[in-house]
Amino acid sequence: MESFMFENKTVLTGVKPTGKPHLGNYLGAIKPAIELGKEALSQGGKHYMFIADYHAINAEKNPAVLNEMTKEIACIYLACGLDPKKSYFYRQSDIPEIPEITTILYAYTPKGFMNKAHAYKAAVDKNREAGKPDDDGINMGLYTYPTLMAADILAYDSDIVPVGKDQVQHVEIARDIAGAINAHYGKELLKLPTYRFDENVAVVAGIDGRKMSKSYGNVIPLFEDDKAIKKAIFSIKTDSRPMEEPKNPDEILVYEIYKSIATPEQLQEMGDGLRQGKLGYGYIKNMLLDAVVNEIKDAREKYNYYMAHFNEVEEMLLEGAEKARPVAKATLKRLKDAVFGR
Ligand code: ADP
Ligand code: TRP
């Protein structure tokens, strides 16, 4: 049963361009999203993958930076195996129906939903901690972004939205807005989406032992050269115990990170070596480096190619938008017909 869960289903993922991804982003978000898309397509489902650049402008105001981040994220998804011929791959800002749909959804979005949305609440909490007024630096884009996200989802009749834990609430808001509209007009104008949260995707630890995150500056970079990756891996925290001392692998950070990328055999080898006092920290760091480089080297080559030939990517994105727009247009028409009694 499980193997046909995507039959005739539309799976949609949005990704915010936020700068060069790290190993945690790759293993926790990019790779699973592409694999899930492939699974959906292989079962006769549809797969939408878009770059949420309207969401990005709430935080980033420099056009050159925005442009570069959007380019990077597009090239990374392509390099990691997204097939733009099979998936719908586009930029949000190339679909003008999205802001139009958003405007209609606003009329059905209780303001209280936005007050409770976690991205807004987190920004308020941060202000309070800093002793600033609640709404300091918070723009309407950030405040209302769950409604824009609802339009992203509802425009394409999405059934399944794979998300990280922090986005679950936003998909629920989309579902509630759609439910309210359907109830008001007494027909299924909008498909009710469900989120999919994969419990098995592990959180990858960073080089200081906390969650790997751009904001902690503890990342292992991915699409940089071997030297940069090596520098990060060789900065992973270790202790001063000698190699010969038998160690519990679960207390060793290099081993913890290796878990997220190694095969079971590789992991066994490192685990045994540590337990038996046969492998030193330099050696296990090289094992991790090999695994990381091996995992991404093909993708990195493709990434470099696409970045150097972005005109090809631009074309793919525009073709993707052309393919996706009629679906969003149909949703907008359904809504307008109902709302304005046409
Ligand atoms: P960062 O914390 O570096 O700013 P983001 O919050 O932009 O990362 O996360 C982008 C995506 O990558 C999200 O889907 C998130 O769940 C995933 N992700 C981020 N850090 C990790 C990590 N350390 N391990 C697994 N997944 C992660
Ligand atoms: N808000 C999501 C994030 O910050 C990105 C996003 C925008 C999204 N629109 C979406 C995700 C629609 C899934 C579906 O990561």
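Visitor: In which helix is the place of Thr147?

Guide: Thr147 lies in helix H8, residues 145-154; helices (H or I, at least four residues) are DSSP runs numbered from the N terminus. This is a predicted model, in which local features need pLDDT of at least 70, side-chain atom pairs count only at pLDDT 80 or more, and totals for chains, interfaces and linings use all residues. Residues are numbered from 1 along each chain as its sequence is written, chains are lettered from A and ligands numbered from 1 in the order in which they are written, and side-chain values use heavy atoms, with hydrogens and water left out.

Visitor: Why is Thr147 called buried?

Guide: Buried means under 20% relative accessible area, exposed over 50%, and partly exposed in between (1.4 Å probe, protein chains only). Thr147 has a relative accessibility of 0%, and therefore counts as buried.

Visitor: Which residues is Thr147 in contact with, leaving aside its neighbours within four places in sequence?

Guide: Contact means heavy atoms within 4.5 Å. On that basis, Thr147 is in contact with Thr102, Leu105, Tyr106, Thr109, Met114 and Ile177.

Visitor: What makes the span of helix H13 agree with its number of residues?

Guide: The expected span is 1.5 Å times one less than the number of residues. For the 28 residues of H13 (281-308) this should be 40 Å, and the end C-alpha atoms are 37 Å apart, which agrees.

Visitor: Why are H13 and H14 called roughly perpendicular?

Guide: Axes are lines fitted to C-alpha atoms, for helices over the stretch in contact, with angles running from 0 to 180 degrees between N-to-C directions. Angles under 35 degrees count as roughly parallel, over 145 as roughly antiparallel, 65 to 115 as roughly perpendicular and the rest as oblique. The axes of H13 and H14 (residues 310-339) come within 5 Å and cross at roughly 85°; the two helices are therefore roughly perpendicular to each other. The contact is made by Tyr305, Tyr306, Met307 and Ala308 of H13 and Phe310, Glu312, Val313 and Met316 of H14.
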